[in-house]
Amino acid sequence: MENIIEVEDLTIAYQNKPIIWDIDLKIKNNVILAIVGPNGAGKSTLIKGILSLIPSLSGKIEIFGKNINKNKGKIAYVPQVGNVNWDFPTTVLDVVLMGRYVHLGWVKKPTKKDKEKAMEALKMIEMENFADRQISQLSGGQKQRVFLARALVQEAELYFLDEPMQGIDIKSEAIIFDILKKMKSEGKTIIVVHHDLKTVKKYFDSVIFINKNIIAYGDVETTFTKENIDKTYIGIQDVGII
Ligand SMILES: Nc1ncnc2c1ncn2[C@@H]1O[C@H](COP(=O)(O)OP(=O)(O)OP(=O)(O)O)[C@@H](O)[C@H]1O
Ligand SMILES: [Mg+2]
């Protein structure tokens, strides 16, 4: 299988203080990949760095063999929910429609088909009855699902989801992972920052352990070991994995 992401010697710093460093990564096509590590380990920073949303101190990044700027339409990104300002006055349907902008022509007006696709995505996450609701008037988990719908309608090849299960109940989590599985069967690649170590084996093909640098990376079967968990969550008692 070909690599769709190749990262070499990436270092990211905020105000000149390195946050993650020595990052070498090759990510294969058509996998569901978990990024795990403790709070502040640099998981969100890694994603933002790969997407060039924040500058890097050093390193080379290629996605689909090209610079990120040549791939914009192929990549969808759902930021961590806590980092989004939800107070803007807009409806659930409009938020989802924003995901269609990459497909709109210069007129930038959503067509009937765009709206149908948005409603379809809302249905998939069981939020179709909330289409006209203001986004600020949803619960945390509902907002998270709407953001996922927005990514779905983008019809990208590669998805970066930063803790999509945050604030999500077990039923919604199962629905979302079913959607991710279906996306994988359609050839997509899905990279997920994931907090719940108990469900890594159940839902993911491969896993990246990160804590400032990459501790381990590989297939879940061989890499999701107690040893790697201990190395990553060093000094943290009872990380909740049996
Ligand atoms: N804009 C910023 N300016 C300065 N430091 C930052 C900034 N964003 C993040 N950091 C710091 O970088 C480190 C890594 O943050 P990051 O958000 O990548 O962690 P994370 O692994 O995603 O954590 P969490 O599990 O809490 O989401 C943390 O120490 C954080 O305080
Ligand atoms: Mg984070």
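Eight of the eight residues of helix α1 are buried, so α1 is largely enclosed by the rest of the structure. A residue counts as buried if 20 or more other C-beta atoms lie within 10 Å of its own. The model is predicted. The buried residues of α1 are Lys43, Ser44, Thr45, Leu46, Ile47, Lys48, Gly49 and Ile50. Just after α1, Ser52 has a positive phi of about 55 degrees.

Strands β2, β1 and β4 form an open sheet of three strands, in the order β2-β1-β4 and with antiparallel pairing. At its edges are β2 (17-28) and β4 (58-63), each of which pairs on one side only. On average, neighbouring strands of this sheet are turned by 15 degrees against each other, direction ignored. Helix α1 packs on the sheet and touches β1, β2 and β4. The direction of α1 makes about 115 degrees with that of β1. Strand β1 (residues 3-14) is joined to β2 by eight bridges, and Leu10 has Ile23 in β2 as its bridge partner.

A further set of pairings involves strand β8 (residues 206-211). This strand is mostly covered, with five of its six residues buried. Strand β3 (residues 32-36) pairs with β8 in the parallel sense, and Ala34 stands opposite Val207 in β8. Strand β9 (residues 213-219) pairs with β8 in the antiparallel sense, with Asn211 opposite Asn213 in β9. The hairpin of β8 and β9 has one residue between the strands, and Lys212 there takes a positive phi near 75 degrees.

The bridge counts of these pairings are listed below.

| Strand pair | Sense | Bridges |
|---|---|---|
| β1 and β2 | antiparallel | eight bridges |
| β3 and β8 | parallel | four bridges |
| β8 and β9 | antiparallel | six bridges |

Technical notes. Residues numbered from 1 in each chain as written. Chains lettered and ligands numbered in written order. Predicted model: local features only at pLDDT ≥ 70, side-chain atom pairs only at ≥ 80, totals over all residues. Pairing = 2+ DSSP bridges. Helix = DSSP H or I, 4+ residues; strand = E, 2+ residues; numbered from the N terminus. Axes fitted to C-alpha atoms, helices over the stretch in contact; angles between N-to-C directions. Contact = placed C-beta atoms within 7 Å. Buried ≥ 20, exposed ≤ 12 C-beta atoms within 10 Å, placed from the backbone.
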